[in-house]
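Please look through the sequence and the model shown below. The report that follows takes up individual loop residues, a helix and the surroundings of the ligand.

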Amino acid sequence: MTVHIGAKPGDIAQTVLMPGDPYRAKWAAETFLDDAKLVNEVRGMLGFTGTWRGNRVTIQGSGMGMPSLSIYANELITSYDAQTLIRIGSCGGMQSHVSLRDIIIAMTASTITSPSSAIMKEVNFAPCADFGLLRDAVAAAETRGSKTHVGGIYSSDVFYAERPDLDEQLVRHGILGVEMEAAELYTLAARHGRRALAVLTVSDHLGTGEALPSEDRERSFGDMVEIALAAAFPGA
Ligand code: HPA
């Protein structure tokens with residue numbers, strides 16, 4: 001047990017999928033895993049461990065934003081020895097060629113600040129995905145025929161942003177989408193020598209103002225979960 005995770009040692013698999021929403025963790029575990037068992041409910045941040053095609057996997061909610069994800073990812077890495085951490089979540093599309101329901105696989109995650117910024121001091125560290133996971137996720141997305149974009153995303157500290165000038169520069173520099181967690185996940189993975197990736201579904205679009213109706217979300221989020229699982233266990 002850790003401060004925020006009640007799972008016993010051994011209850012957490014070496015591969016962990018991390019949606020922001022704990023109820024999405026429950027849905028994904030019930031939908032995609034065999035023998036899924038609840039392993040954490042501290043603060044309602046549900047986590048489940050089961051198997052996918054015979055491979056053990058945990059799906060643990062991260063909460064919203066980098067400070068919350070940082071707590072769970074730190075504890076999963078340092079106390080439960082998680083080796084592969086894949087964020088699955090939603091993002092806002094930023095480019096005109098990115099549409100609702102598309103998949104974004106994040107090669108890099110830019111930020112203004114993250115919980116790790118203080119230790120980096122003057123260095124603008126470039127958080128990046130694990131190459132092998134990225135390659136296998138792209139291959140899985142291509143096999144499935146999902147409309148997929150691979151490139152840089154922006155991890156924001158705010159959902160209700162007040163900086164149109166910043167969005168303009170991010171779009172100008174090819175940033176595909178905005179979410180709130182990946183940069184810290186990539187930084188922690190780099191610090192501890194683990195593998196990390198973020199596979200995201202475009203749920204809204206900053207340029208057009210469109211948003212996915214809630215009944216549509218489950219189906220498109222399912223594609224993302226399957227891509228993440230296939231990247232974690234290539235050949236399974
Ligand atoms: N901004 C930040 N995070 C998000 C968004 C957004 O528009 N959509 C989904 N996660």
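Does proline 115 count as buried, partly exposed or exposed? Proline 115 counts as partly exposed, because its relative accessibility is 39%, where buried means under 20% relative accessible area, exposed means over 50% and partly exposed lies in between, computed with a 1.4 Å probe and protein chains only. The residue belongs to the loop that runs between strand E6 (103-110) and helix H3 (117-120), helices (H or I, at least four residues) and strands (E, at least two) being DSSP runs numbered from the N terminus. Its C-alpha atom is separated by 10 Å from that of aspartate 157, although the two residues are 42 apart along the chain.

## Basis of the model

The model is a predicted one, in which local features need pLDDT of at least 70 and side-chain atom pairs count only at pLDDT 80 or more, while totals for chains, interfaces and linings use all residues. Residues are numbered from 1 along each chain as its sequence is written, and side-chain values use heavy atoms, with hydrogens and water left out.

## The loop between E5 and E6

Arginine 101 is placed in the loop between E5 and E6, and it has a positive phi of about 80° although it is not a glycine. With a relative accessibility of 36%, arginine 101 counts as partly exposed.

Aspartate 102 lies in the loop between E5 and E6, and it counts as buried because its relative accessibility is 5%. Its side chain reaches the backbone nitrogen of serine 99 at 2.8 Å, and it also makes a polar contact with the side chain of lysine 147 at 3.0 Å. A polar contact is a pair of N or O atoms within 3.5 Å; within protein, one must be able to donate a hydrogen and the other to accept it, and residues adjacent in sequence count only if both atoms are side-chain atoms.

Lysine 121 is found in the loop between H3 and helix H4 (131-144), where its phi is near 50°, a positive value in a residue other than glycine. At 68% relative accessibility, lysine 121 counts as exposed.

Helix H6 (residues 182-192) is largely enclosed by the rest of the structure, because 8 of its 11 residues are buried. Among the buried residues of H6 are Glu184, Leu185, Tyr186 and Thr187. Just after H6, glycine 193 takes a positive phi of about 70°.

## The ligand and its shell

Which residues surround the ligand? The ligand is surrounded by Ser90, Cys91, Gly92, Phe159, Val178, Glu179, Met180, Ser203, Asp204 and Leu206, a residue being near a molecule if one of its heavy atoms lies within 4 Å of it. The protein covers 89% of the 260 Å² of accessible area that the ligand has on its own, by the Shrake-Rupley method with a 1.4 Å probe. One nitrogen atom of the ligand lies 2.8 Å from a polar side-chain atom of aspartate 204, and a polar backbone atom of glycine 92 is 3.2 Å from a nitrogen atom of the ligand.

Strand E5 (84-93), strand E8 (177-179) and strand E9 (195-205) each supply at least two residues of this shell, and E5 gives the most, with 3 residues.
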